[in-house]
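Please look at the sequence and the model first.

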Amino acid sequence: MGAITLENIVKSFGAVEVIRDVSLDIPEGELVVFVGPSGCGKSTLLRLISGLDQPTSGHILIDGKDVTRVSAADRGLAMVFQSYALYPHMSVRQNMAFGLENTRMPKAEIASRIEEAARMLEIGPLLDRRPGQLSGGQRQRVAIGRAIVREPTAFLLDEPLSNLDAELRGTMRAELAALHGRLGKTMIYVTHDQIEAMTMADRIVVLRAGVVEQVDTPLNLFNKPANRFVAGFIGAPRMNFIEAEDGRVMGVRPQHLRLADGGLAVTVDMAENLGAETLIHARTDKDQPILALLPGQLTPTRGENLSLVHDPADEHWFGADGLRL
Amino acid sequence: MIRFLTRRRGATGDGHGWHWTDIATWVWLIGGTILMFGPAVWLVLSSFKTPAGLAEFPPTILPYAQETTMLGDQAKPLFEVTLEDGITVTMAELRRVGIVAQMVPPDQPDAEPLKININDRTPVRQMDFATENYTQPFLQFDFVLFLRNSVYVTVMATIITLLTNSMAAFALSKYEFRGRNAVMLLIVATLMVPLSVILVPLYSVVSAVGLINNLWGVILPTVATPTGVFLLRQYMLTIPDELLEAARMDHASEWQIYWRIVLPLAAPALAVLAIFSVVWRWNDFLWPLVVLSRRELYTLQIGLNSYAGELNVQWHFILAMTVVAMIPVVLVFVFLQRFITAGIAGTGLK
Amino acid sequence: MRPATSAGAVVTAPLRWLARATDVPLSAWQRLTGQRGMIALFLLPNMAIFGIFVLVPLVINLLYSTTGGTEFFLSDRPQVGADHYARLLDCGNYLDPNSCRDDMFWIAVSNTARFVFFQVAVMTLAALITALILNRALPGKGFWRAVFFFPVLLSPVVVGLIWKWILQRQGLANLFMVELGLEPVNWLTDRLWAFVAAVGVSVWAHMGFYTLILLAGLQAIPRDLYEAAEMDGTRPFRVFWRITLPLLMPNLLVVIVLSLIRAVQIFDEAYVLTGGGPGTSTMFMTQYIYEVGFANLLRNPGLAAAASILMACVLIVLTLLQLYLSRRSGAK
């Protein structure tokens, strides 16, 4: 249960096409992350799957059944919103019970489901509080709890960690991944943060301007980006692109550069010391910017000339059309 | 001097002593307090005076009544009398002929009455609250009826106002639909149509639907307030759409979203509107005056005005009834003033 | 916490029951008609009432103003074309009501014009001074604000009766006159004084409302502007003219236009206070419409409708001005 298929989905708002012919297969139980720069249509795609918005054309199938015209409530999905969307005038318990009551579920069943979810998420002591009395992390858990009690066929999460501070985001990331392992349900997770995508996903869907650029496992994306956009988007610091004479472009990640004679000659602009590593901002003689992440603590001065080398195996070559060669 | 014209400068206590602007401020504030509260206080004090007390000039501040004593089975008024030998004694008046009164000491009712010039005596008075000013209208006049009509109109109109305005505001704030702007424009336009402009045709419409001389004829035309729709819509726009979407995924129908999500969250705005609606409807005058011509249907305001317009104006009753008409508004003022002033500052509605 | 929530439950329990009872038919309606049907349902009650009691009368008003007779049903009323308007506007000299065919109308118009002028001027000035004073750091700020707001909530009838009682021949006002060694005044039976009383009472009753709007405007002026002016050694009157007044201007304009709109419609408290008298010295437009339309034995609803349409023209101009001003100040 929980396999989701998108067939030729198009969504336009007026004359603007925000999703252009997206097709996608999400197998049961997988944690898929939609990632892309803001405005790429990842949240829109999630809303189309949820049923809150209707596609302009195309079909959405859940477990082989066409649900394109089925209402959001009846698709059997649960959504965790970016703002959490907890009902401020209801207690945590009422928040979790609201959706179940609407389906006229017996009270005892509702209570046991809430109990179970509260235990799993360790929010038992919070059940009688209002959302306003909770911290950001607690609200996040409640929002997830509200999704869990519905026992959905799949979870949809719309940038669920973006309102948390960096430290909390780290812990919640791990917890969410663990939760996915425990529940074994399909999860679709939208984020603009590629670290979240890399650490959590079974597979990542990279989107740009309403088009799927690549779908693959995190490591495959990193090692074999399908095009220049994916190569530049995945991995931090950003991949260096050096234009060759024949119009082709060579990409090499900053981590893969070393200091050695006889390599690429660059002039240092600035160096950022990160402690264990040093990130050097430099320029080639053709004024192309180059980033190099070098081990240890280096202190090159501005204007100093360095020579950088790399393994040929770490090269990525892209054609003039941007596609991987 | 900068302190008078600029803001948030201490009137006192900033170490510079008293400036003329400080004095002007306090004169204005205290004068203002007397001018604003004084008339209402005077009304309340006057309402406890007997007709004789009200007719006095110059009037006393507090209500006084002449003391009486029981002589036989009759109450006789008491006076301080200055006798020819200069001694002052308290005596009761038996009867009065012209400027001469026949008086006896109250403890010797059967004594030979003395003939006293009325200029040689002053009435013995004590503070006395004429509560019959309040009890009599309730017992004898239609006052209870008026009060009941007013309460009925106010409560019904407020409930319907809250319900219909909030439903319309919900539709206008949370749904995209064709014609939404047209509906908004229509409602804006009504701001330009005060009652006095449509008085005559409104009367004919209300009479066509058979609601002349009916309290519902007073209630219905007032409930679709554009200000109410505006106030609520403005507030509902601040409720995040994600909450509604979450509810939709939670199997809530649109009606449930309105009832269980949006209405509870709009409670502060609803409270402000409720307060205003109560004050508006309680105070309405012109429209009920037009619609209601049968005395038993009069609201308090119309009833009061009709008493005041009678040939023989009974001020002692009118003043007391005016106080009663003022009570709900004063209660609202005392308990909810903060709410109202914040509401006005925020929305400019009245 | 606990008792409060259970008390709340007592209040909400019937509401909840009502919600459940209404949900079944309304959910069925939603299934049947979809979201559009629900939107219509939400709008229907308000718009129906609004249509019947505001829009329809608005249209009928035009028809009324072109028909004659004393009947209220349109079908019973003969066409008279623009006769009512011609009658109202037929004047030898517009500044002299006696030269007009409908002298009462022009008396009402000129009374209203004078009332609007004096009432708005006095009230705006009083509200401005009060707002400036309330904006200072006073002990008990909330109390003082409440003081000036108090009369706003009183009903016009109560206001009228309170002042009628104070201004009567043997009332409190004349007590003060006597105490000050002056002659008592026939406040409500002298033509001039009755008009002054109508203006004064109206200012008394409504000033607090406009004070609040101005106060809100004053409090929105950033404090650092004053501090900067003080650092520059700006003289206080200059601060007022160059900083406070320009920044308060949007609110001041809204106050002036809003009070103009209200003043044009003056009726309730003046009617209770003076009944339009003595003579016609305090008869205003709305009272004219009311009396010609209803109270008069020789009532003429068509004429009243025509007069109300002329008044509406003034109000529409003022309202558009207000919408324009508040939009402009809102945009800032």
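## Terms and basis

Two strands count as paired if DSSP finds at least two bridges between them. Helices (H or I, at least four residues) and strands (E, at least two) are DSSP runs, numbered from the N terminus.

The model is predicted, with local features needing pLDDT of at least 70 and side-chain atom pairs counting only at pLDDT 80 or more, while totals for chains, interfaces and linings use all residues. Residues are numbered from 1 along each chain as its sequence is written, and chains are lettered from A and ligands numbered from 1 in the order in which they are written.

## A sheet in chain A

In chain A, four strands form an open sheet in the order β15-β14-β13-β16, with antiparallel pairing. β15 (289–295) and β16 (305–309) of chain A are the edge strands; each has a single partner strand, so one side of each has no neighbour in the sheet. On average, neighbouring strands of this sheet are turned by 50° against each other, direction ignored.

Six bridges join β13 (residues 258–273) of chain A to β16(A) in the antiparallel sense. V266(A) stands opposite L306(A), which belongs to β16(A). In general, the strands of a sheet pair through backbone hydrogen bonds, either parallel or antiparallel.

## Where chain B touches chain A

This contact takes 14 residues from chain B and 16 residues from chain A (two residues are in contact if their C-beta atoms, placed from the backbone, lie within 7 Å). On the side of chain B, α10 (241–249) and α11 (254–265) each supply at least two residues. α10(B) gives the most, with six residues.

By class, the chain B side has eight nonpolar, two polar and four charged residues. Here Ala, Val, Leu, Ile, Met, Phe, Trp, Tyr, Cys and Pro count as nonpolar, Asp, Glu, Lys and Arg as charged, and the others, Gly among them, as polar.

## Helices of chain C

The axes of α3 (residues 103–134) and α9 (residues 236–264) of chain C come within 9 Å and cross at roughly 140°. Axes are lines fitted to C-alpha atoms, for helices over the stretch in contact, and angles run from 0 to 180 degrees between N-to-C directions. Residues of α3(C) that meet α9(C) include F115(C), V116(C) and M123(C), and those of α9(C) include I256(C) and L260(C). The contact has 10 nonpolar, four polar and no charged residues.

In residues 115–134 of chain C, the span is 100% helix and its end C-alpha atoms lie 27 Å apart. Residues 192–218 of chain C are also 100% helix, with end C-alpha atoms 36 Å apart.
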